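Student: I have a new model open on my screen and would like to walk through it with you. Could we take it one question at a time?

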Amino acid sequence: MDADQARELLRRRVDAYSDELCDKAMRMLDQLTALRESVETETRPAVDAALDAFVAACRKVAFDHAFFGSRPGPRPQSLLVAASDQAAVDAVVDGLDSLQQLFNTHAEFQEWVDANNNAMEYRAAATYVQHARVTLT
C-alpha cells in the first residue's frame, strides 16, 4: 500500500468518525511525503523506509481489516541522513515521537474500556511509528 492509499483510509475514518487521531496521522503522513520530496538523494532511503513503516502505522490506526493481526518486525537500523537534511529530518522525528506516545496513550485507554483488539492495533501502530522514527535517527 502506498502513501496515497493510506491517506484515503485515514480520510475515511476522519470523515466517518471525526477521528482526531487519524487526522493527526494524516498530517504526519503529509509531512513525511513532503520531506521525501525535499531531501538529498543520500537521505531518500531513510525517508522511504520511514514512510513505509508509517504507512503501516496508518493502516493500523485506520483499522484496515486487510492488515489486521499483522505485527511489526524487528526494530530497524538507523539509515544515513545527509547533514543538509538533518534539521528537516529532526523536525519530523519530533513529530513521530509525539505521535508514537499518542498511539500508546490510545492503546492504554482502549485497554481500560476492554477493547483489547483495538489496543493491540494501536500498540502495533506505535511500533511502526517507532520504526519510522528510528530509520531517521
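Tutor: Gladly! One definition to start: a residue counts as buried when its relative accessible area is under 20%, and as exposed when that area is over 50%. Keep in mind too that this is a predicted model.

Student: Then is Ala 125 buried or exposed?

Tutor: Ala 125 sits in helix 5. Its relative accessibility is 0%, and the cut-off for burial is under 20%. Ala 125 therefore counts as buried.

Student: Which residues does Ala 125 touch, leaving out those up to four places away in sequence?

Tutor: A contact here needs heavy atoms within 4.5 Å. With residues up to four places away in sequence set aside, the partners of Ala 125 are Ala 57, Lys 60, Val 61 and Phe 103.

Student: How are helix 3 and helix 5 oriented to each other, roughly parallel or roughly antiparallel?

Tutor: Their axes come within 8 Å and cross at roughly 170°. Angles over 145 degrees count as roughly antiparallel. So helix 3 and helix 5 are roughly antiparallel.

Student: By class, how many nonpolar residues does that contact have?

Tutor: On the helix 3 side, the residues making the contact include Ala 53, Phe 54 and Lys 60. Helix 5 contributes, among them, Glu 121, Tyr 128 and His 131. By class there are 2 charged residues, 2 polar ones, and the nonpolar count is 14.

Student: Stepping back, what is the radius of gyration of the protein?

Tutor: The protein has 5 helices and 0 strands, in the pattern α-α-α-α-α. For 137 residues the globule rule gives 14 Å, and the protein comes close to that, so it is as compact as a globular protein of that length. Its radius of gyration is 14 Å.

Methods. Residues numbered from 1 in each chain as written. Predicted model: local features only at pLDDT ≥ 70, side-chain atom pairs only at ≥ 80, totals over all residues. Heavy atoms only, no water. Axes fitted to C-alpha atoms, helices over the stretch in contact; angles between N-to-C directions. Helix = DSSP H or I, 4+ residues; strand = E, 2+ residues; numbered from the N terminus. Parallel < 35°, antiparallel > 145°, perpendicular 65-115°, else oblique. Nonpolar A, V, L, I, M, F, W, Y, C, P; charged D, E, K, R; others polar. Rg over C-alpha atoms; globule rule 2.2 N^0.38 Å. Buried < 20%, exposed > 50% of the residue type's maximum accessible area, 1.4 Å probe, protein only.
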